[in-house]
Amino acid sequence: MVFNTGMTGYQETLTDPSYARQIVAMTAPHIGNTGVNAEDPESRRIQVAGYVVREPARVASNWRATGSLGSALREQGVVGIAMPGTRALTRHLRDRGAMRAGIFSGAAAEAAEADLLDKVLASPRMEGADLAAEVATTEPYVVPAIGAKRFTVAAVDLGIKSMTPHRMAERGCEVHVLPATVTAEDILSLDPDGVFFSNGPGDPATADHQVEALRGVLDAGKPFFGICFGNQIFGRALGLGTYKLRFGHRGVNQPVQDRRTGKVDVSAHNHGFAVDAPLDGPFDTAYGRAEVSHVNLNDDCVEGLRLLDRPAFSVQYHPEAAAGPHDATNLFDRFCELMELREVRG
């Protein structure tokens, strides 16, 4: 059970694969007023396990709408609940932390409270959950460059949002989206100009296969960019640990500071785990010196990493900005600059 502080973008939230196996409560009181459409989903289906709002819109009104929030949830078999206590629920989760939960209705809700609690406690915890392969593509596919092709990017799908390869395609990248189960050899066989690891659900401590794949990419010296789950895998590849946050960061309004420039971006987040890295300057890794590049101004959580001696960096948030602010979209330009510099150097 988690909460999202976004005032908008509920369709993108519902279809974000990083929300797999989670019930999401919205802190914004009025949800569903613009309906749903066929253009904004970030994946093939609604990914949340349940959806909690205070007041669902009675009428959807938007020129792009092709249906309502309620109809979309019903069609895909996802339970939604409207309740007046979403603020109290959010405060409870902030105080006690993200936790296992259940939504019960009909005959199931008539069972004794102790029986319902037993069902919740029997559900698996997020710690130790290996979910990336469950939401990732099973077959490779290609997102062609928009306009002239400049680069070939191998993107490992750990729960990728559809807007992410689109942002790279806008910059002339031909993006080869690969399953979460690929090896370093599979990735390098494409001879990519750069490698990308996406966002995704689950505990990064379970991602041993992806960590080994990334180490192979770093050994080969390929430019690397990772976001969210990809940032946590990058941290593990550098020898760092990860840990579960108390209630996580989920929304489109998180302030993140670039420690090198001092610039602050308001950014989109969806993560319940973080990298444990030293904030007091560069540290040594098997791939040379590294440093924490970005921090969250709310709690000093690590929000980005970069290698100082190789072309590799990552951020914990979502620069594709769907839905969310566009402050951080220049990170895709930075990735392209790394690939261009690598190309010039041969």
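## Stop one: helix α3

A word on the model: it is predicted, so local features need pLDDT of at least 70 and side-chain atom pairs pLDDT 80 or more, while totals for chains, interfaces and linings use all residues. Numbering runs from 1 along each chain as its sequence is written, and side-chain values use heavy atoms, without hydrogens and water.

Now select α3 itself, residues 86–96: Thr86, Leu89, Thr90 and Leu93 are buried (under 20% relative accessible area, with exposed meaning over 50% and partly exposed in between, 1.4 Å probe, protein chains only). Look down the axis: these buried residues sit within an arc of 100°, so they line one face of the helix. They pack against β1 (2–4), β2 (23–26), β4 (50–53) and β12 (241–258). On the face turned away, pick out the exposed Arg87, Asp95 and Arg96.

## Stop two: Lys222

Next, jump to Lys222, in the loop between α8 and β11 (224–227). Buried or exposed? Lys222 counts as buried, at 18% relative accessibility. Show its side chain and you'll find a polar contact of 3.3 Å to the side chain of Asp191 (a pair of N or O atoms within 3.5 Å, where one must be able to donate a hydrogen and the other to accept it; residues adjacent in sequence count only if both atoms are side-chain atoms). The Lys222 side chain also reaches the backbone oxygen of Pro192, at 2.8 Å.

Conventions. Helix = DSSP H or I, 4+ residues; strand = E, 2+ residues; numbered from the N terminus. Arc of directions from axis to C-beta. Contact = heavy atoms within 4.5 Å.
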